[in-house]
Amino acid sequence: MYDVIIVGGGPAGSIAAERASRDGLSVLVLEKATHPRSKTCGGGVTQKALDVIGGIDKELIERETFGARIFLPDYRNFAGTIGDRVAVMTRRESLDHWLASRAEDAGAVVQDGEAVKDVLFNKDYVEVVTSENQYRSRMVIGSDGVNSTIARRSGIRTRWGDDIGMCLEAEVELGEAVVEECVGDRFTEFYFIGDRGYGWVFPKRDHISIGIGKLITRAHDLKGSFSRFVRDVSLQKNIDIEGKISGINSYRIPAGGFDRRIHSDRVLLTGDAAGFVDPFLGEGIYYALKSGEIAADVTADTVEGGDFSERFLQEYVMRCEKEFNYDLKSALKFANFAYDHRNLFLKALWKDKRLFMEYLRTVRGDMTYTEFNRWCTRRSPVTLAKLIVGR
Ligand SMILES: Cc1cc2nc3c(=O)[nH]c(=O)nc-3n(C[C@H](O)[C@H](O)[C@H](O)COP(=O)(O)OP(=O)(O)OC[C@H]3O[C@@H](n4cnc5c(N)ncnc54)[C@H](O)[C@@H]3O)c2cc1C
């Protein structure tokens, strides 16, 4: 019997496995795909996420970004950078493979190519049923992403509500020089062209990730929006992105900041499975890593104390709340304001450079959304004056 079975070998699962192994637990990771496996994602890893894992191998870094270029609905745009690195651009197949290898090096057994089908609860253990085997453990950590089997089979959540987004994304090979011409060397690009969501172009070494994401309730004709977006970006940049697309990926993304159930007896949910994603930007890797770490530590305490009850595991909820989930609620307040008053928000970002810089610092992790919102409240007379004067 294992101390803990972790279902899913993405960032949340691998960091939980690494940490739990280092905490002295016997750990089995069950991953349905085979590493290196792809995951529909922009692959942007913010500095605050890098800090959680103590940096990453140089070879995994495809580009570094120090700021962002923001596009208005009519494609007018403005850019800002800060002196420090905001994020690195990675390929998820390489990043996730590397994180899984770190978990293995720490002592976890990583069994990939084995999908979990069910989880059965007994008085003294949990039985995890895969396509090939049945395994027993004291605890289960559900790190199996937005379509979590563990959330469903444990009864924690049977379905998502409207608090989830839908994305379409393509990886387009352009060659290094064209990527630099297309996006530049220091920026990510955000296009606020639609309602309650945005489009992006993220530069990788020799390709770009181009995509669009919207809240599910506004995602009617997402395919049409994506085609129009790619065509417009191609025309704007005078680069044939449209003609070079060989495949389009679609994937769901939860929006964080909502109160949700994330645990039950012997079960903790982490990362996307728990809905831990920035509701404005869609950043999820940082929250996957943070929740994975906390889940591992709480599991170690649980195994030591021998109490696997939902009541004892409330500790996980409280630690997530303290370390990042309260802040995701501030992020949701910010997202609601920014999307409900999109044009005003974009104009403010354009006219008030300091506001833009502070937001980049928030994304980087130098300040929290809670601190940023407070800063904005204090700053608002200045921003308002800049909007009126038009500078
Ligand atoms: C289009 C798009 C772009 C994004 N861009 C960014 C970005 O640039 N930066 C950022 O920070 N975030 C981004 N995100 C969010 C980010 O991808 C997720 O938040 C992050 O991957 C969550 O990590 P995770 O480990 O919780 O889940 P995942 O990365 O989804 O990993 C879950 C793992 O579980 C496995 N699994 C699923 N079901 C089972 C099962 N039954 N049995 C066994 N294994 C199973 C899957 O194969 C997968 O490997 C983006 C999301 C989307 C959709």
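**View 1. Phenylalanine 337 sits in helix α9, residues 310-340.** Helices here are DSSP runs of H or I with at least four residues, strands are runs of E with at least two, and both are numbered from the N terminus. This is a predicted model, so to speak of local features we need pLDDT of at least 70, side-chain atom pairs count only at pLDDT 80 or more, and totals for chains, interfaces and linings use all residues. Residues are numbered from 1 along each chain as its sequence is written. Phenylalanine 337 has 15 other C-beta atoms within 10 Å, which makes it partly exposed (20 or more would be buried, 12 or fewer exposed, with C-beta atoms placed from the backbone). Phenylalanine 280 is 57 residues away in sequence, yet the two C-alpha atoms are 10.0 Å apart in space.

**View 2. Domain 1 meets domain 3.** The chain is split into domain 1 (2-43 + 91-160 + 258-331), domain 2 (62-85 + 164-254) and domain 3 (341-389), with bounds from an automatic or database domain assignment. Four residues of domain 1 touch five of domain 3, where a contact means C-beta atoms, placed from the backbone, within 7 Å. On the domain 1 side, those residues are two nonpolar, one polar and one charged. (Ala, Val, Leu, Ile, Met, Phe, Trp, Tyr, Cys and Pro count as nonpolar, Asp, Glu, Lys and Arg as charged, and the others, Gly among them, as polar.) The C-alpha centres of these two domains are 35 Å apart.

**View 3. Seven strands make an open sheet with mixed pairing.** The strand order runs β6-β5-β13-β14-β15-β12-β16, and strands pair if DSSP finds at least two bridges between them. β6 (77-81) and β16 are the edges: each has a single partner strand, so one side of each lacks a neighbour in the sheet. From one strand to the next, the twist averages 20 degrees.

**View 4. β13 (residues 187-191) and β14 (residues 197-203) pair up antiparallel, over three bridges.** Look for phenylalanine 190, which stands opposite tryptophan 200 in β14.

Methods. Two residues are in contact if their C-beta atoms, placed from the backbone, lie within 7 Å. Axes are lines fitted to C-alpha atoms, for helices over the stretch in contact, and angles run from 0 to 180 degrees between N-to-C directions.
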